[in-house]
Amino acid sequence: MSKDRAEKLMRQLIRFKNGVVADSMAAKGLKYEINYGVPIVNIIEVVKQYPLDNEFAFELFNRPEREAKLAATYLIKPDDLTKKELDLLSSQIITDELSEQISMRIIIKSPHAIQWAIEGCKANNEFRQHASWLTIGRASVFDWVLESDIKPFFEFVDCADFLSVYVRSALIYALSRFALKSDTLKSVVQHWVNQNIDSDNEYKHW
């Protein structure tokens, strides 16, 4: 059933394919097995015709097309995700585009968001790290995230993949959000900055 619906959805999406956009994405490093270059606005337009359904969403995630994976991010019910499904989501983070969609649309709404982010900060994968720092950075503004939830992340800052521009940008975002959470966290962020402002690591310095 889910497979049939996935085929139908893909036929709807392919109508909006754009080879120029797909080529531009590939040139910028967005590498998918199959990419039709369908704009996000058209993907949203199509997925609105379908109800939220995790089984259907994971059927789409497991397909090779960029459009199927992005459509899936709009069909997930975050509250219902199991640990196994969260791990499956992690395996789908293969570009910064998917990293942003999965972290901001799905993980941030999951009750397991903080633990997922902690695990990702230790991962040997730049996009997984990128998603994790985006997640905790965004989550830090909410009242349900406590100062004590954020402090463990400072253990992972120096282990971040500073060679990755995606990780660096997400880390800057997260640290700036941490500093707005409380005066205590602001002091911790400032201490790290002061320690590294003259770092020999040019990427950390940046």
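Author: A definition comes first: helices are DSSP runs of H or I with at least four residues, numbered from the N terminus. In that sense, Q129 has its place in helix α9. Please keep in mind that this is a predicted model.

Reader: Is Q129 buried or exposed?

Author: Q129 counts as buried, because its relative accessibility is 5% and the cut-off for buried is under 20%.

Reader: Which residues is Q129 in contact with, leaving aside its neighbours within four places in sequence?

Author: Q129 is in contact with G120, C121, A123, C159, A160, D161 and V167, once neighbours within four places in sequence are left aside.

Reader: How do helix α8 and helix α9 cross?

Author: The axes of α8 (residues 113-121) and α9 (residues 126-139) come within 8 Å and cross at roughly 140 degrees. The crossing in which α8 passes α9 is left-handed. On the α8 side, the contact is made by A113, I114, W116, A117, E119, G120 and C121. On the α9 side, R128, Q129, A131, S132, W133, T135 and I136 take part.

Reader: Why is α8 described as largely enclosed?

Author: Helix α8 is largely enclosed by the rest of the structure because 7 of its 9 residues are buried. These buried residues are A113, I114, W116, A117, I118, G120 and C121. What covers them includes α6, α9 and α10 (147-150).

Reader: You mentioned α6. Which of its residues are buried?

Author: In helix α6 (residues 83-91), the buried residues are E85, L86, L89 and S90. They lie on the same side of α6, because they cover an arc of only 150 degrees around the axis. The elements that cover them include α4, α7 (96-105), α8 and α9.

Reader: Why would residues three or four places apart point the same way?

Author: An α-helix has 3.6 residues a turn, so residues three or four places apart point the same way.

Reader: Let us go to the start of the chain. How many residues does α1 have?

Author: Helix α1 (residues 2-14) has 13 residues, and its first and last C-alpha atoms are 18 Å apart, close to the 18 Å expected at 1.5 Å a residue. Its buried residues are S2, R5, A6, L9, M10, Q12 and L13. Their arc around the axis is only 155 degrees, which puts them on the same side of α1.

Reader: And what do they pack against?

Author: The buried residues of α1 pack against α3 (40-47), α4 (54-61) and α5 (66-73). The face of α1 turned away from this buried side carries the exposed residues K3, D4 and R11.

Reader: Next, the loop between α2 and α3. What does the side chain of N35 reach?

Author: N35 has its place in the loop between α2 (19-27) and α3. Its side chain reaches the backbone nitrogen of G37 at 2.8 Å. Apart from neighbours within four places in sequence, N35 is in contact with A22, M25, R66 and E67.

Reader: Is G37 buried or exposed?

Author: G37, which lies in the loop between α2 and α3, is buried, with a relative accessible area of 0%. With neighbours within four places in sequence left aside, G37 is in contact with F16, N18, V21, A22, R66 and E67. The C-alpha atoms of G37 and W206 are separated by 33 Å.

How values were computed. Residues are numbered from 1 along each chain as its sequence is written. This is a predicted model: local features need pLDDT of at least 70, side-chain atom pairs count only at pLDDT 80 or more; totals for chains, interfaces and linings use all residues. Side-chain values use heavy atoms; hydrogens and water are left out. Helices (H or I, at least four residues) and strands (E, at least two) are DSSP runs, numbered from the N terminus. The expected span of a helix is 1.5 Å times one less than its number of residues. Buried means under 20% relative accessible area, exposed over 50%, partly exposed in between (1.4 Å probe, protein chains only). The arc is that of the directions from the helix axis to the C-beta atoms. Contact means heavy atoms within 4.5 Å. A polar contact is a pair of N or O atoms within 3.5 Å; within protein, one must be able to donate a hydrogen and the other to accept it, and residues adjacent in sequence count only if both atoms are side-chain atoms. Axes are lines fitted to C-alpha atoms, for helices over the stretch in contact, and angles run from 0 to 180 degrees between N-to-C directions. A crossing is left-handed if the near helix is turned anticlockwise from the far one by less than a right angle, and right-handed if clockwise.
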